[in-house]
Amino acid sequence: MGAVKNKRMPRAVREQQMLDAAVSTFGQRGYRAASMDEIAELAGVSKPLVYLYLNSKEDLFTACIRREAKALTEAVRAGVRPGLPADRQLWEGLRAFFTHTAENPDGWAVLHLQARTHGEPFAAEVAAMREELVVFVTQLIVVAAREAHRDPSLPEREVAGLAEALVGAAESLAAWANATPGVSAKQAAATLMNFAWAGLGDLMEGRPWPLPVAEARSE
């Protein structure tokens, strides 16, 4: 009975089962150590069927990266409610990020560890996701900075570096939180918020950290 039901399963559903199995296997065992036999067995299908649907191990891994990257960026965007003060929007974005990475540790391992260490084209897929997050965070910060400075023409490049730093810190902190027992998504988000917002708040109020005089003159 089960086999008959499985044969009638829609292709899209079966593909998602394969991707679920692949993300779990790649995330826990690593790209090189993971085998198509393991993935097929975990998905409850034959190995030839995995190849029929997803062509090769490389294509399967790329499909995993794209699915997990899309899910993460959508979770962060959905977590931020427009109209809230800048600090609340940033807080909600961070909390959504850490909640998603905590609830999907294998997916995060695929994005943060595996894809980045196995060269092109995998690293490029992750870089595209990261750039989307940086652009989104840049917009959150630049709107707040323009309001604080009462300068609607304040260029994005003034805060783009801050967004890069913030996303990089979030990535590292998520990896640490997932590997450290007892650290919740809320605690991880609060840690980064406390670290970042004091500096961002001062910057937006026109109180940047002053460079030492000698270094300021050498620019």
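Let's start at Tyr31, which is buried, with a relative accessible area of 6%. This is a predicted model, and Tyr31 belongs to one aromatic cluster together with Phe26, Phe61 and Phe122.

**The aromatic cluster**
- A search of the whole structure turns up 7 aromatic pairs.
- In one of them, the ring centres of Phe26 and Tyr31 are 5.7 Å apart and the planes meet at 35°, so this pair counts as tilted.
- Phe26 also pairs with Phe61: here the centres are 4.8 Å apart with the planes at 70°, so the arrangement is edge-to-face.
- Phe26 is buried, at a relative accessible area of 0%, and Phe61 is buried with a value of 0%.

**Charges over rings**
- Over the ring of Tyr53 you will find the charged end of Arg11, 4.1 Å from the ring centre.

**Thr101 and its surroundings**
- Thr101 is part of helix α6 (residues 86-103).
- With a relative accessible area of 2%, Thr101 is buried because the cut-off for that label is under 20%.
- A polar atom of the Thr101 side chain lies 3.2 Å from the backbone oxygen of Phe98.
- Setting aside neighbours within four places in sequence, Thr101 is in contact with Leu72, Trp108, Ala174 and Asn178.

Notes
Residues are numbered from 1 along each chain as its sequence is written. This is a predicted model: local features need pLDDT of at least 70, side-chain atom pairs count only at pLDDT 80 or more; totals for chains, interfaces and linings use all residues. Side-chain values use heavy atoms; hydrogens and water are left out. Helices (H or I, at least four residues) and strands (E, at least two) are DSSP runs, numbered from the N terminus. Buried means under 20% relative accessible area, exposed over 50%, partly exposed in between (1.4 Å probe, protein chains only). A polar contact is a pair of N or O atoms within 3.5 Å; within protein, one must be able to donate a hydrogen and the other to accept it, and residues adjacent in sequence count only if both atoms are side-chain atoms. Contact means heavy atoms within 4.5 Å. Rings of Phe, Tyr and Trp (its six-membered ring) pair if their centres lie within 6.5 Å; planes under 30 degrees apart count as stacked, over 60 as edge-to-face and the rest as tilted. A charge sits over a ring if NZ of Lys or CZ of Arg is within 6 Å of the ring centre and within 35 degrees of the ring normal.
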